[in-house]
Amino acid sequence: MTDASRQQLVSLSVFAALAIAWEILSCVYTVEAQPGEPMVAGWGTLFTRTLLSLSDYWQGGLGVPAVADGAPRSYLAALLSIISHSLGTLARLASGLVLGSVFGLALGLAVSWSPWSRRLVQLPTQFLRALPLLAMVPLFQLWFGTYFYGQVLFVSYGVGMIVFAGVVNAVRNVPQIYIDNARVLGASRAHLYRTVILPAILPSMRSVVLLSLGAGWGAVLAAEYLGAQSGLGYIIVYAQQFGLLDRMFLIALLFILYTSASYWVIERLFTRLLAWSPSSQAAGR
Amino acid sequence: MNGRAEAVATAPRNGEPWSLSQLFKACSRTFTALDPLRFAGALLFIAVWELASLFISPIILPGPFSVLRRAAADFWSAPALSYYGVEDPSLAANLAYTAENVAIAALIGAAIGVTLGLLSARVWFVRAAMNPIMMTAGTVPILIAAPFLLIWFGVGRASAVSLVAFYIVVILYVSSQRAALNLDPIYENSALTLGAHRGRMLRDILIPGTIPEILGGFRIALAGAWGLEAVSELLGSQSGIGKVLEVLAGATDPQGILATLLVLGCAAILTDGLAATLIARFAAWRFAGS
Amino acid sequence: MPTETSRRMIELVHLGRNYTRADGQRVSAVDDVSLIVPEGEFLCLIGPSGCGKSTLLQMMAGLVGPSSGAIVVDGKEIDGPGRERGMVFQRDSVFPWMRVIENVEYGLKCRGVAAGARRDIARDYLKRVGLSHVERAWPRELSGGMLKRVAIAAVFANGGEVLLLDEPFGALDYVTRRQLQEVLLDLWEEPGRAVPTVVFVTHDVDEALLLADRIVAMRNGAIVDDIPVGAARPRDTDTLLLQDMVAIKHRLLGHLGLAHAARGAAGARGAA
């Protein structure tokens with residue numbers, strides 16, 4: 001057996017062992033937070049009763065009545081509630097990522113245009129970056145309320161700060177020889193930016209985007225924990241207030257799925273985009 | 001141009017007085033190093049903020065000087081906070097609570113994370129077992145664990161500290177594993193041929209060789225730890241900066257919030273500076289001469 | 001220069017080392033090598049890339065175990081690395097987290113020599129290699145040639161009976177290389193202590209001729225030639241022009257596959 005497959009076997013076994021341990025624990029620790037809602041739900045219960053209970057979060061519509069209005073729980077309602085709340089979370093994240101990245105990139109490039117502007121904004125941006133992002137949720141809620149756009153602004157602020165700093169740093173690190181080469185061939189400033197600087201910073205953008213993705217997920221979750229009325233984070237924190245561990249666990253599993261998938265997608269995207277880059281840069285290490 | 005060589009070349013020899021031209025050269029070197037443009041930028045920022053606050057109502061955007069005054073006033077004693085159920089009514093006391101939690105979590109997280117990380121680099125079984133867990137935990141925001149910890153440990157230090165500690169464990173695990181794996185095996189071989197026993201490897205080679213990268217990871221982890229601790233307190237706590245922020249938000253007090261954030265930001269900058277000093281002290285060999 | 005009555009310092013007895021390649025093929029890096037190196041001899045191992053000379057040296061150092069055969073040093077079969085067999089590597093092996101002087105006294109520290117005594121010894125060797133002025137410097141601040149001097153000083157300060165050098169000057173420019181060859185010979189011939197036995201791996205024929213008492217040529221994991229070099233010391237580039245030396249040189253070039261087309265058969269160059 002080769003080293004790599006041996007490692008994979010151990011890794012899979014670890015996950016399997018954890019899953020089995022969870023099941024054993026659910027049989028041993030049968031405490032229930034509320035009648036019918038076990039604290040440690042076994043895998044069987046998770047995908048039947050707990051899944052059904054998620055239909056509580058469906059507000060009704062599309063021909064499926066809400067449980068709050070007296071309708072019975074159903075898998076369809078559960079599925080719809082999962083989809084709608086997932087879309088809520090993903091919409092916040094995506095909008096925040098796009099908004100923050102666009103603004104961060106634009107501002108970063110603008111500030112890098114002249115060496116003076118970069119030094120001018122250095123101290124204020126350093127201080128703003130020192131302010132822990134997640135501690136600023138109350139401030140954003142004060143300014144923008146707990147509406148959708150307020151949360152999007154919060155996420156884009158976090159993403160924007162990271163992208164801005166990353167772009168400024170990357171432009172600074174573009175090897176002077178590329179710039180000299182282009183100038184000598186007659187490129188204007190704007191042309192230089194478009195055809196040399198932007199591609200040259202792409203390799204460093206890989207780690208910047210992954211970093212901002214992580215910050216974005218954290219920001220979305222924090223924003224939903226602290227005042228949203230929809231979204232996966234909202235479900236978790238709402239369930240937490242009643243001690244409904246089983247629902248929290250199911251949603252957490254879903255969340256892990258989404259975040260892992262998002263990282264996988266971004267990494268694949270960058271691998272394709274950076275096919276031209278020298279391998280040490282493409283690896284992003 | 002090697003700045004040190006230049007400095008050595010133009011400085012007078014020991015005991016001799018500075019000539020006027022040498023003095024001028026030294027002053028202008030310090031001047032450019034401190035970069036007045038950066039200070040101008042900071043002043044510009046404050047000026048723009050003050051100007052904006054004059055036009056926007058103070059309910060939304062208080063000016064920089066009023067925020068500063070509020071921070072100073074509330075730092076040692078803020079009796080208003082006790083109306084909202086904050087245990088120790090002052091910014092300093094709550095900052096101390098938050099800082100204590102961060103410190104405890106940092107110590108626990110560093111001990112576990114570095115030990116596991118270094119071990120995983122040397123023992124393939126540990127690496128194969130722990131890597132998938134750590135890597136998955138690395139992609140998922142640690143916040144997902146917060147509500148669970150709140151239920152298991154209740155409201156109080158334990159849930160916040162365990163959340164932050166877990167975060168630091170993951171970051172330092174990755175840092176120390178990478179540092180140990182990247183450590184050139186030639187150093188170990190060289191030590192062996194110089195007569196070192198295998199038992200000396202940890203102390204003489206592995207730890208000194210990996211410290212710069214581990215400290216670098218620690219510095220990054222520390223920055224994130226402050227925010228994570230604040231959010232954990234926001235979710236459920238009776239003390240701490242997070243609690244103060246929650247209380248002030250509920251009271252619609254942006255001046256208070258900005259003042260508290262200012263204090264928190266200064267604490268984060270201070271600890272970051274301390275981490276940087278540690279790095280300069282213990283990783284001088286990596287960055288010497290640059 | 002060893003004499004007839006010199007004892008055997010290093011003895012390689014039917015040494016072999018195999019590897020299994022990624023595609024499953026077994027490759028013989030070292031193939032049944034037997035060699036005796038008397039005490040105090042400066043031996044050069046020469047050969048083209050992949051001939052097994054570095055693997056052989058690593059086995060002598062104890063960093064790699066043999067697949068078959070044994071290595072006997074000073075009457076004892078070796079089992080792993082040890083300070084009696086010091087090694088200078090091709091790449092930089094100086095510990096970057098210790099200052100220069102701490103690097104030189106590292107071996108002494110492992111042995112438990114007292115702080116004052118080991119510092120004096122280290123300072124002495126640093127002076128011999130011409131690096132007294134950078135005693136407190138960090139390795140990162142030094143050039144490649146200076147780092148090599150530190151490595152050599154560290155190994156000599158440790159006082160081993162055997163010295164193994166694996167293409168130590170391969171990464172350096174010509175001038176630095178020649179300077180370091182002089183430094184090495186100075187330390188090797190240092191009066192007042194037993195002359196260490198040296199095994200020096202290189203692919204540079206001139207270097208071997210300038211340094212060695214005896215040159216062993218290797219190819220495809222086996223020894224193909226064993227040539228004593230009788231030229232008197234100290235040697236310089238003019239020594240290389242002596243008739244005997246030129247003859248040895250052509251012999252070695254032949255083993256390396258670099259024989260001149262005009263000398264010998266037309267197929268000699270293609271005999272690699």
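The paragraphs below lead through a predicted model, chain by chain and then across the places where chains meet.

Taken along the principal axes, the C-alpha atoms of chain A fill a box of roughly 75 × 60 × 35 Å. Of its 285 residues, 36% count as buried, and among the contacts in chain A between residues at least 6 apart in sequence, 66% join residues at least 24 apart.

Chain B, by comparison, has 13 helices and 0 strands. Its radius of gyration is 25 Å, well over the 19 Å that the globule rule gives for 290 residues, so chain B, too, is more spread out than a compact globule. The C-alpha trace of chain B spans about 70 × 65 × 30 Å along its principal axes, and buried residues make up 39% of the 290 residues in the chain. Where contacts in chain B link residues at least 6 apart in sequence, 68% of them join residues at least 24 apart. The domain assignment divides chain B into domain 1, covering 3-62, and domain 2, covering 75-287, and the C-alpha centres of these two domains of chain B lie 33 Å apart.

The largest nonpolar core holds 202 residues, and the members that touch the most other members are B:V164, B:I168 and B:A225. Helix α10 of chain B, residues 201-235, gives the most to this core, with 15 residues. If neighbours within four places in sequence are left aside, B:A225 is in contact with B:V102, B:A105, B:A106, B:V164, B:Y167 and B:I168, a list that includes B:V164 and B:I168 from the trio named above.

A contrasting position in chain B is B:G273, which lies in helix α12 of that chain. Is this residue buried or exposed? B:G273 counts as exposed, because it has 11 C-beta neighbours inside 10 Å, and the cut-off for an exposed residue is 12 or fewer. Between B:G273 and B:T139 there are 134 residues in sequence and 28 Å in space, taken from C-alpha to C-alpha.

Chain C brings in sheet structure. An open sheet of 4 strands in chain C has the order β2-β1-β4-β5, with antiparallel pairing. Strands β2 (26-38) and β5 (76-77) of chain C stand at the edges with a single partner strand each, and so one side of each is left without a neighbour in the sheet. Within this sheet, β1 (residues 8-20) and β4 (residues 68-73) of chain C run antiparallel and are joined by 5 bridges, and the partner that C:I10 finds in β4(C) is C:V73.

A parallel pairing is found in chain C as well, where 4 bridges join β6(C) to strand β7, residues 162-166. In β7(C), C:V162 is the bridge partner of C:R85. Along β6(C), C:R85 and C:M87 point one way while C:G86 and C:V88 point the other way, and all are buried.

The chains can now be considered together. Of the 2 pairs of chains that touch, chains A and B have the most contacts between them. Their contact takes 46 residues from chain B and 45 residues from chain A. On the side of chain B that touches chain A, two or more residues come from each of several elements, among them α3 (36-55), α7 (146-153) and α11 (241-250) of chain B, while the largest share, 9 residues, comes from α6(B). By class, this side of chain B has 34 nonpolar, 8 polar and 4 charged residues.

The contact between chains C and B takes 23 residues from chain C and 15 residues from chain B. On the side of chain C that touches chain B, the elements giving two or more residues are β6 (85-88) and α3 (106-111) of chain C, and α3(C) gives the most, with 4 residues. That side of chain C has 12 nonpolar, 5 polar and 6 charged residues. Chain A and chain C, finally, are joined by no contact, and their closest C-alpha atoms lie 10 Å apart.

Technical notes
Residues numbered from 1 in each chain as written. Chains lettered and ligands numbered in written order. Predicted model: local features only at pLDDT ≥ 70, side-chain atom pairs only at ≥ 80, totals over all residues. Core = buried A, V, L, I, M, F, W, Y, C linked by C-beta atoms within 7 Å. Buried ≥ 20, exposed ≤ 12 C-beta atoms within 10 Å, placed from the backbone. Contact = placed C-beta atoms within 7 Å. Nonpolar A, V, L, I, M, F, W, Y, C, P; charged D, E, K, R; others polar. Domains from an automatic or database assignment. Pairing = 2+ DSSP bridges. Rg over C-alpha atoms; globule rule 2.2 N^0.38 Å.
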